[in-house]
Amino acid sequence: MKHPTLILGTIAFLLLTVACGSSNPEMDATPTLDVTATPTAPVIPYWEPAACDFPLDDSSNVECGYLVVPENRGVPAGSPIKVHVAIFKSTNPTPKPDPVIYVAGGGGTDQLGSAAYYLQKVGNAILQERDFIMFNQRGAYRNEPSLVCPDLTISLFSWASQPLSAHERADLRIEKMLSCYDDLLSQGIDLSGYNTVETAADINDLWRVLGYERVNLYGTSSGTRTILTVMRNHPEGVRSVILDSVFPPQVNLYSTVSQNYARVFSLMFADCAAQTRCSTQYPDLEGMFFQLVDELNVNPVNLELSSGTVLMDGGVFMEALGLSFYSTADIPLATRRIQQAANGNFSGLAPWLESMFTDTGNFMAMGFEWSMMCNEEVPFESFALGRELAAELPVQIADYFDSYYEFTLCESWQSGIADPVENTAVVSDIPALIFSGGYDPVTPPEWSRMAAETLSNHFYYEFPGLSHGIMRSNACGLAVGLQFLD
């Protein structure tokens with residue numbers, strides 16, 4: 001199973017597969033770049049026009065190609081890599097000169113495979129005034145090289161049906177990941193070149209080779225961290241930024257997972273207690289929730305899903321319910337699902353259980369995800385810190401969402417260690433629009449407010465009843481974003 005704290009790495013997959021259907025991973029692979037070749041001269045970034053290697057609407061006015069850049073800018077004469085890019089042209093005959101570059105969440109996400117989704121939700125509105133640019137971050141599918149781990153989760157449903165603890169499942173997953181790690185090294189891939197600093201430098205090179213003078217950057221989730229890094233390291237040319245559901249570099253992602261889940265559960269209990277209709281129908285929602293978790297931990301339930309059997313214990317139930325909070329439409333259904341589950345009916349959580357145990361395939365390049373996180377996040381926090389921060393939480397939550405997987409994996413996944421500055425707040429006066437959702441289970445509003453403190457020219461909007469990715473899921477949020485760009 002995916003460990004509960006792999007959230008930033010799977011968020012786009014969860015939202016797209018549950019809400020819109022998964023992207024098509026069966027596309028022809030891009031030509032293989034010889035990453036073992038040793039160039040004799042430094043790699044100078046350049047643009048290479050190419051056909052679009054992803055599904056397209058016939059009406060799309062788009063130009064595609066590859067940004068060719070060094071694999072590791074610390075090794076100027078090292079290997080070149082290719083980053084697949086799509087420039088969707090504005091529908092306005094006299095468009096604004098500054099495009100919007102979208103930076104997806106979940107490092108290594110194949111966002112181009114879901115271009116139609118992003119265009120429908122946000123891009124088409126932006127195209128009325130500006131070009132809209134999407135790209136697959138270095139190491140993602142459709143790039144050269146791709147750090148996809150194809151055999152990573154082949155045994156997910158096998159593990160899900162066995163009476164294993166969360167740590168036992170994590171150990172099995174780590175074994176698979178380290179096999180992928182060895183395979184990537186055998187290909188001559190320099191894993192220290194796959195991180196936020198290098199991706200931020202790619203963005204800086206991208207707008208230059210495309211000939212733009214200024215650009216607007218819009219990102220969600222871990223994409224906001226990349227944008228913040230651009231603001232710190234490459235502010236020239238950045239006209240404005242939209243930071244939606246912010247993951248700022250100074251926070252401790254993995255040490256606070258249990259706190260973030262506990263927060264949304266507590267918010268649900270409090271909001272229900274404050275509403276007459278809800279409190280009447282569920283007079284002790286919190287008590288019912290924890291009683292159910294305890295009962296499932298003692299007597300797990302076998303559930304037959306379309307992809308296989310899942311042994312539902314208390315931790316799996318909490319994770320599935322927590323993941324459902326990613327979808328704003330699912331938030332009002334959470335109380336009913338707790339009551340249904342207490343009565344033995346788990347059907348409402350089936351889509352989220354499927355997503356927990358389904359291989360993300362080419363959608364997520366987990367080799368990039370963990371090269372990034374083991375470089376710039378895990379070295380600056382610890383498993384002990386997480387246990388300390390969770391000491392006052394309900395033990396059921398603290399014990400399950402403890403990030404054992406991440407800290408254990410990064411002991412062996414060597415991809416270098418970032419400069420400590422990459423774990424500090426970004427100070428900037430670039431105009432910034434910041435969104436957060438009250439029910440966001442992974443990037444809480446506190447993080448967005450924290451990022452705003454050092455951005456002197458910002459506008460901050462918090463949506464109490466919404467979740468992750470405000471601008472793409474809410475008409476008001478989209479309208480505010482478009483007004484900001486204008």
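Trainee: How many bridges join S2 to S3?

Mentor: S2 and S3 are joined by 9 bridges, and the two strands run antiparallel. Two strands pair if DSSP finds at least two bridges between them. Strands (E, at least two residues) and helices (H or I, at least four) are DSSP runs, numbered from the N terminus.

Trainee: What should I know about the model itself?

Mentor: This is a predicted model: local features need pLDDT of at least 70, side-chain atom pairs count only at pLDDT 80 or more, and totals for chains, interfaces and linings use all residues. Residues are numbered from 1 along each chain as its sequence is written, and side-chain values use heavy atoms, with hydrogens and water left out.

Trainee: OK, back to S3. Which residue stands opposite Pro80?

Mentor: Pro70 does. S3 also pairs with S5: 4 bridges join them, again antiparallel. There, Ala86 faces Met134 of S5.

Trainee: Is S3 mostly covered or exposed?

Mentor: Mostly covered, with 8 of its 9 residues buried. Buried means under 20% relative accessible area, exposed means over 50%, and partly exposed is in between (1.4 Å probe, protein chains only).

Trainee: What is the strand order in the open sheet?

Mentor: The order is S1-S2-S3-S5-S4-S6-S7-S10-S11, an open sheet of 9 strands with mixed pairing. Strands S1 (46-49) and S11 (458-463) are at the edges with a single partner strand each, so one side of each has no neighbour in the sheet. From one strand to the next, the twist averages 20°.

Trainee: Where does the parallel sense come in, say for S4 and S6?

Mentor: Strand S4 (residues 100-103) pairs with strand S6 (residues 215-221) in the parallel sense, over 4 bridges. Tyr102 stands opposite Tyr218 in S6. Helix H6 (residues 222-233) packs on the sheet and touches S4, S6 and S7. Its direction makes about 145° with that of S6. Contact here means heavy atoms within 4.5 Å. Axes are lines fitted to C-alpha atoms, for helices over the stretch in contact, and angles run from 0 to 180 degrees between N-to-C directions.

Trainee: New topic. Where does Asn72 lie?

Mentor: In the loop between strand S2 (62-70) and strand S3 (80-88). Asn72 counts as buried because its relative accessibility is 13%.

Trainee: What does the side chain of Asn72 make a polar contact with?

Mentor: The side chain of Asp190, at 3.1 Å. A polar contact is a pair of N or O atoms within 3.5 Å; within protein, one must be able to donate a hydrogen and the other to accept it, and residues adjacent in sequence count only if both atoms are side-chain atoms. A polar atom of the Asn72 side chain also lies 2.8 Å from the backbone nitrogen of Gly74. Beyond its neighbours within four places in sequence, Asn72 is in contact with Asp190, Ser192, Gly193 and Glu198.

Trainee: Which peptide bond is cis?

Mentor: The one from Glu144 to Pro145, with omega near 0°. Pro145 is in the loop between strand S5 (132-135) and helix H3 (156-160).

Trainee: What about the phi of Ser245?

Mentor: Ser245 has a positive phi of about 65°, although it is not a glycine. Ser245 is in strand S7 (residues 238-246) and is buried at 0% relative accessibility. Ser403 has a positive phi too, near 60°. Ser403 is in the loop between helix H15 (395-400) and helix H16 (404-412), and is buried, with a relative accessible area of 0%.

**Helices**

Trainee: So what do the buried residues of H16 pack against?

Mentor: Helix H4 (166-186), helix H13 (366-376) and helix H14 (383-389). Among those buried residues are Tyr404, Phe407 and Leu409.

Trainee: At what angle do the axes of H9 and H11 cross?

Mentor: Roughly 45°, with the axes of helix H9 (residues 285-298) and helix H11 (residues 334-342) coming within 10 Å. H9 and H11 are therefore oblique to each other. Angles under 35 degrees count as roughly parallel, over 145 as roughly antiparallel, 65 to 115 as roughly perpendicular, and the rest as oblique.

Trainee: Which residues in H9 meet H11?

Mentor: Leu285, Met288, Phe289 and Leu292. Their partners in H11 include Ile338 and Ala342.
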